[in-house]
Amino acid sequence: MRPAVAAALLSASLLGLGAAPGGSPPPLPARMADTGGGSRLITAVAAKTGSTSGTLTWWERRNGRWTKAGSAAARFGAKGLVEGAARRQGTNTTPTGLYDLPYAFGIKGAPGGTAYRYRVVRKNSWWCEDTDSRFYNRWVEPRPADCRAGESERLISYEKQYAYAFVIGFNYHRPVRGRGAGIFLHVNGRGATAGCVSVSAEAMRLLLRWAEPSRKPHIAVGTAGGGTAITRY
């Protein structure tokens, strides 16, 4: 076969797989097993399970192709990341997997242009993390008697972290007691998180304006490779 013909066939083959004409690999969402069915996706990637930092990128799908819309440095749990289905509460690990974003909230008001459902934190707003409560892994306001304060978070107490946040749908829709509660995408604190994903306040403001609910945004959390590779989700 003539070299020119072979090169043309190879180029066509790569394009069919979603690769760029220059031979670069397809964008990350195109290599994932699932992206949630919407046209907007957030990926949070760490180098390995023991990492406490990485990169958060947001993507848009237009005309059948995923394109990068922005990125920011991200922080993960103080004990790294773990497969979501195997996570245990209180381990300071960030669960890997693909999740929806049920709603956003914050101590500060929603940034201008936010279309996502946004709930403002008040003095009596709590996130129930008591495994014995009927309201496990739910926002409660006020805190009910069966949701112990020592086992839950008073949201207004985290003035910096919860200035802006998204609820991550980990263990949310059908909670398994003891697997974990209160996993959010929120503003950076002083260091690694207790199991959430965090980014700068500016990145959160950008994400809140960008995350159109009609586009069904999801977040995928994972590592660059191995058993928790983000491409598995």
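How many bridges join strand 8 (residues 126-128) to strand 9, and in which sense do the two strands run? The answer is given in point 2, after a word on the model.

1. Basis and confidence. This is a predicted model, in which local features need pLDDT of at least 70 and side-chain atom pairs count only at pLDDT 80 or more, while totals for chains, interfaces and linings use all residues. Residues are numbered from 1 along each chain as its sequence is written, and side-chain values use heavy atoms, with hydrogens and water left out. The pLDDT, which is the predictor's confidence in each residue on a scale from 0 to 100, averages 92 for the protein chain, and 91% of the residues score at least 70. Over residues 1-20 the pLDDT is below 50, and this stretch has 12 contacts in the model beyond near neighbours in sequence; a contact means heavy atoms within 4.5 Å.

2. Strand 8 and strand 9 run antiparallel and are joined by three bridges; strands here are DSSP runs of E with at least two residues, helices are runs of H or I with at least four, and both are numbered from the N terminus. Two strands count as paired if DSSP finds at least two bridges between them. Trp 126 has Val 140 in strand 9 as its bridge partner. The open sheet has three strands in the order 9-8-10, with antiparallel pairing. Strand 9 and strand 10 are at the edges and have a single partner strand each, so one side of each is left without a neighbour in the sheet.

3. Aromatic pairs. The structure holds 10 aromatic pairs, where rings of Phe, Tyr and Trp (its six-membered ring) pair if their centres lie within 6.5 Å, and planes under 30 degrees apart count as stacked, over 60 as edge-to-face and the rest as tilted. Phe 105 and Trp 139 form an edge-to-face pair because their ring centres are 5.6 Å apart and their planes are at 80°. This pair links distant parts of the chain, with Phe 105 in strand 6 (residues 104-106) and Trp 139 in strand 9 (residues 138-140), 34 residues apart. Both Phe 105 and Trp 139 are buried, buried being under 20% relative accessible area, exposed over 50% and partly exposed in between (1.4 Å probe, protein chains only). Tyr 162 and Phe 184 have ring centres 5.4 Å apart and planes at 85°, so this pair too is edge-to-face. Tyr 162 is buried, as is Phe 184.

4. The ring cluster and its charges. Ring pairs link a cluster whose members include Tyr 103, Trp 127, Tyr 158 and Tyr 172. The charged end of Arg 117 sits over the ring of Tyr 103, 4.6 Å from its centre, and Arg 138 lies over the face of Tyr 172, at 3.9 Å from the ring centre. A charge sits over a ring if NZ of Lys or CZ of Arg is within 6 Å of the ring centre and within 35 degrees of the ring normal.

5. Nonpolar cores. The largest nonpolar core has 32 residues, of which Leu 56, Phe 166 and Leu 185 touch the most other members; such a core is a set of buried Ala, Val, Leu, Ile, Met, Phe, Trp, Tyr and Cys residues joined through side-chain atoms within 4.5 Å. Helix 2 gives the most to this core, with five residues. Leaving aside neighbours within four places in sequence, Leu 56 is in contact with residues including Ile 42, Leu 185, Val 197, Leu 207 and Ile 219. A second, separate core of 14 residues includes Phe 105, Tyr 136, Leu 155 and Tyr 172.

6. Strands 2 and 3. These strands pair in the antiparallel sense over 10 bridges, and Thr 55 has Ala 73 in strand 3 as its bridge partner. They form a hairpin with two residues between them, and Asn 63 in the turn has a positive phi of about 55°. Ala 69, in strand 3 (residues 65-75), counts as partly exposed because its relative accessibility is 39%.

7. Strand 14. Six of the six residues in strand 14 are buried; His 218, Ala 220 and Gly 222 point one way, and Ile 219, Val 221 and Thr 223 the other way. Strand 1 runs parallel to strand 14 and is joined to it by six bridges, with Thr 43 partnered by Ala 220. Strand 5 (residues 94-100) pairs with strand 14 in the antiparallel sense over four bridges, and Asp 100 stands opposite His 218.
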